[in-house]
Amino acid sequence: MRNKIVAGNWKMNKNAEETEDLLNELITKVPDDCEAQIIVAPTFVNLASAVDHLEFTNISVAAQNMHQNENGAYTGEISADMLKSIGVETVILGHSERRSYFHETDAILAFKVNTALSHNMRVIFCFGEELKDRQDNQHFNVVENQLRDGLFHIKNEDWANIVLAYEPVWAIGTGETASPEQAQEMHLFIRETVRKRFGSIADDVSILYGGSVKPDNAREIFSKPDVDGGLIGGAALKADDFVAIIEGIL
């Protein structure tokens, strides 16, 4: 059975005090009986305090990235072991901003996936097409290639620790919006692509939508049969908006 998940990627936002304030709001406002898994991903410097702050709540913590190597001379980087040592069990990999700004290739991401899985971490694996890809009618090919090259080397049992997050890059912070029908079309394609390689495992894989989900469109997007939740960006920085999106999945 697939999990319903709403994850908030805070990106490079919120200092220590602001992080604590937002977490306190979420603790108060997220329903105690929420059936969906709720995840927040603060910046690295606030991960340990977030883990401590959320210890007895129904909200868990993810890292926004990690390095593929175990240790070494990689100034400024963070390893899987470091994340695990402070209680972080989930990591976001392959986000469109990491691919674009930091030139993370599918080969690098496959390496990162291997490292995370070897530490028994859950991976939220991001992928998706840019506007030109969609305009050129290459969006399905791009998504299939990113899935194949980044993930399809893993073992069947590894899928228990994989969450997929489809990001239509053209619909993130651009003013463009993917319709719920477009989201469902791609999510179904993603599920069937996984099915072709891994069979019935596809039925149990949660696929999140990461294309500018907001309180006013969350319920309709989440109602689609192959959309299992969202990876939320800007709206996750405001407690009321994030909670309203969570309520859209319940």
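**Close-up 1. Helices α7 and α8 make a right-handed crossing.** Right-handed here is when the near helix is turned clockwise from the far one by less than a right angle, and left-handed when anticlockwise. This is a predicted model, where local features need pLDDT of at least 70, side-chain atom pairs count only at pLDDT 80 or more, and totals for chains, interfaces and linings use all residues. Residues are numbered from 1 along each chain as its sequence is written, and side-chain values use heavy atoms, with hydrogens and water left out. The axes of α7 (residues 139-151) and α8 (residues 180-198) come within 11 Å and cross at roughly 40°, which makes α7 oblique to α8 (oblique is what remains after under 35 degrees for roughly parallel, over 145 for roughly antiparallel and 65 to 115 for roughly perpendicular). On the α7 side, look for His139, Phe140, Val143, Glu144 and Leu147; they touch Glu185, Met186, Phe189, Ile190 and Thr193 of α8 (contact means heavy atoms within 4.5 Å).

**Close-up 2. Helices α1 and α10 also cross right-handed.** Here α1 (residues 16-29) packs against α10 (residues 239-247) at about 35°, axes 10 Å apart. Leu22, Glu25, Leu26 and Lys29 of α1 meet Ala239, Asp240, Phe242 and Val243 of α10.

**Close-up 3. Ring pairs tie Phe125, Phe127, Tyr166 and Tyr209 into a cluster.** Rings of Phe, Tyr and Trp (its six-membered ring) pair if their centres lie within 6.5 Å. The whole structure holds seven aromatic pairs.

**Close-up 4. Arg98 sits over the face of Phe102, 4.0 Å from the ring centre.** Likewise, Arg197 lies over the face of Phe198, at 4.5 Å. The cut-offs for a charge over a ring: NZ of Lys or CZ of Arg within 6 Å of the ring centre and within 35 degrees of the ring normal.

Terms used
Axes are lines fitted to C-alpha atoms, for helices over the stretch in contact, and angles run from 0 to 180 degrees between N-to-C directions. Helices (H or I, at least four residues) and strands (E, at least two) are DSSP runs, numbered from the N terminus. Rings of Phe, Tyr and Trp (its six-membered ring) pair if their centres lie within 6.5 Å; planes under 30 degrees apart count as stacked, over 60 as edge-to-face and the rest as tilted.
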